[in-house]
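Here are my notes on this one, written for someone who will have the model open alongside. Have a look at the structure first, then read on.

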Amino acid sequence: MDLKQLTAHTYHLRAGSNAGLLLDGKRALLVDTGLDRDAARRILKHVAALQVELAAVLITHAHADHFGGAAELKRRTGAPVLAPAFEAAVVENPALEPVYLFAGAQPPAELEDKFILAQPCAVDGLLQPGRQELHGFPVEIIPAPGHAHNQVMVAAPQEGVCFAADAFFPPEVLDKYGVPFYVEIDQTLATLASLPALPYGLYVQGHGDAYDRGGLEQVLDYNITRIEAIREQVHTALATPCDDSQALQRVADAMGLRIQRPAIYYLTRTTIHACLNSLRRAGRAELSLEENRLLWRAV
Ligand SMILES: [Zn+2]
């Protein structure tokens with residue numbers, strides 16, 4: 001995990017899944033924790049090298065790669081862990097993630113690796129939107145739903161830095177996954193549209209670089225274009241009525257994706273569901289039960 005200084009008092013901890021640090025004298029706020037115990041240990045090495053103590057750990061959203069290190073961090077430092085409502089329920093009960101991916105049933109082992117099932121961590125308080133002081137640090141908590149139900153971004157107004165987590169993805173991540181994970185398409189697009197109006201100069205991504213305002217506009221366009229293309233591909237798939245698995249197959253085929261693992265299949269299926277619901281709300285798709293099949297068709 002590499003430590004990159006962003007401004008006088010903020011740092012980006014770069015790994016497969018990034019974290020952020022906001023410093024004030026001898027204390028620090030940590031934003032996200034990386035994937036697991038190892039990530040937590042690497043974060044603590046950097047924290048020790050900076051000669052600060054963790055005042056609190058803020059979780060942007062309850063995906064294993066963003067909160068999987070929380071339990072270890074809390075055990076080793078005693079720092080309180082804060083998360084938005086809804087996400088906090090998953091941080092405390094990580095089994096909810098594989099369970100919701102498997103439509104509420106007890107999931108198969110393929111959905112229980114550390115990328116989906118994290119270590120549980122007790123949450124000490126809920127993050128509420130707005131400008132506020134948290135453990136002595138001035139911050140703004142900004143709602144950014146869409147990739148996760150109640151994801152937030154954490155901004156440091158005095159530093160001009162917004163830790164944006166997975167509110168948007170770098171182009172290389174979008175290209176790698178083809179169909180990234182979204183639970184709500186309209187909210188995702190609204191979140192992306194809201195970013196340019198924020199007063200911050202630097203937008204720190206959960207799986208890539210920090211973007212200045214010039215770079216941000218470009219990367220937001222890339223995200224919006226990709227999401228709209230996926231949703232259009234789903235709409236095209238419904239030209240012949242089909243169920244959700246057929247819609248997924250048609251979209252993956254059309255986009256040249258070859259899904260290799262059951263976990264990726266279920267993650268992709270969630271995004272397909274999000275697109276189906278978005279199309280339905282827009283009056284562009286409808287669903288009906290026919291011969292025990294739930295069929296979606298384009299309108
Ligand atoms: Zn995520």
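1. Ground rules. This is a predicted model, where local features need pLDDT of at least 70 and side-chain atom pairs count only at pLDDT 80 or more, while totals for chains, interfaces and linings use all residues. Residues are numbered from 1 along each chain as its sequence is written.

2. Domains. The protein chain splits into domain 1 (2-227) and domain 2 (231-298), with bounds that come from an automatic or database domain assignment. Taken over C-alpha atoms, the two centres are 29 Å apart. Domain 1 puts 16 residues into the contact and domain 2 puts in 14 residues; a contact here is two residues whose C-beta atoms, placed from the backbone, lie within 7 Å. On the domain 1 side, that makes 11 nonpolar, one polar and four charged residues. For the classes, Ala, Val, Leu, Ile, Met, Phe, Trp, Tyr, Cys and Pro count as nonpolar, Asp, Glu, Lys and Arg as charged, and the others, Gly among them, as polar.

3. The seven-stranded sheet. This open sheet is mixed in its pairing and runs in the order β1-β2-β3-β4-β5-β6-β7. Its edges are β1 (2-7) and β7 (125-127), each of which pairs on one side only. From one strand to the next, the twist averages 30°. Strands are DSSP runs of E of at least two residues, helices are H or I runs of at least four, and both are numbered from the N terminus; two strands pair if DSSP finds at least two bridges between them.

4. Ala19. This residue sits in β3. Is Ala19 buried or exposed? Ala19 has 30 other C-beta atoms within 10 Å, so it is buried. The cut-offs are 20 or more other C-beta atoms within 10 Å of a residue's own for buried, 12 or fewer for exposed, and partly exposed in between, with C-beta atoms placed from the backbone. Setting aside neighbours within four places in sequence, Ala19 contacts Leu13, Leu30, Val31, Asp32, Thr33, Gly34 and Ile43. Thr271 is 252 residues away from Ala19 in sequence, and 25 Å away in space from C-alpha to C-alpha.

5. Helix α3. In α3 (residues 70-77), the buried residues include Ala70, Ala71, Glu72, Leu73 and Lys74. What do the buried residues of α3 pack against? They meet α1 (37-49), β5 (53-58), α2 (64-67), β6 (81-84) and α4 (87-92). Gly78 follows α3 and has a positive phi, near 75°.

6. The six-stranded sheet. Here the order is β8-β9-β10-β11-β12-β13, again an open sheet with mixed pairing. β8 (130-134) and β13 (210-212) are the edge strands, each pairing on one side only. Ignoring direction, neighbouring strands are turned by 30° against each other on average. Helix α8 (residues 213-237) packs on this sheet, touching β12 (202-205) and β13, and its direction makes about 105° with that of β13. For such angles, axes are lines fitted to C-alpha atoms, for helices over the stretch in contact, and values run from 0 to 180 degrees between N-to-C directions.

7. Strand β10. Why call β10 (residues 152-156) largely enclosed by the rest of the structure? Because five of its five residues are buried. Val152, Val154 and Ala156 point one way, with Met153 and Ala155 pointing the other. β10 pairs antiparallel with β9 (residues 137-143) over four bridges; Glu140 stands opposite Ala155 and Pro143 opposite Val152. Three bridges join β10 to β11 (residues 161-165), also antiparallel, and Val154 has Phe163 as its bridge partner there. Four residues lie between the strands of the β10 and β11 hairpin, where Gly160 takes a positive phi near 70°.

8. α9 on α10. Helices α9 (residues 244-254) and α10 (residues 262-281) pack at about 105°, with axes 10 Å apart, and are therefore roughly perpendicular. That label covers 65 to 115 degrees; under 35 is roughly parallel, over 145 roughly antiparallel, and the rest oblique. Asp244, Ala247, Leu248 and Val251 in α9 meet Thr268, Arg269, Ile272, His273 and Leu276 in α10. This contact divides into five nonpolar, two polar and two charged residues.
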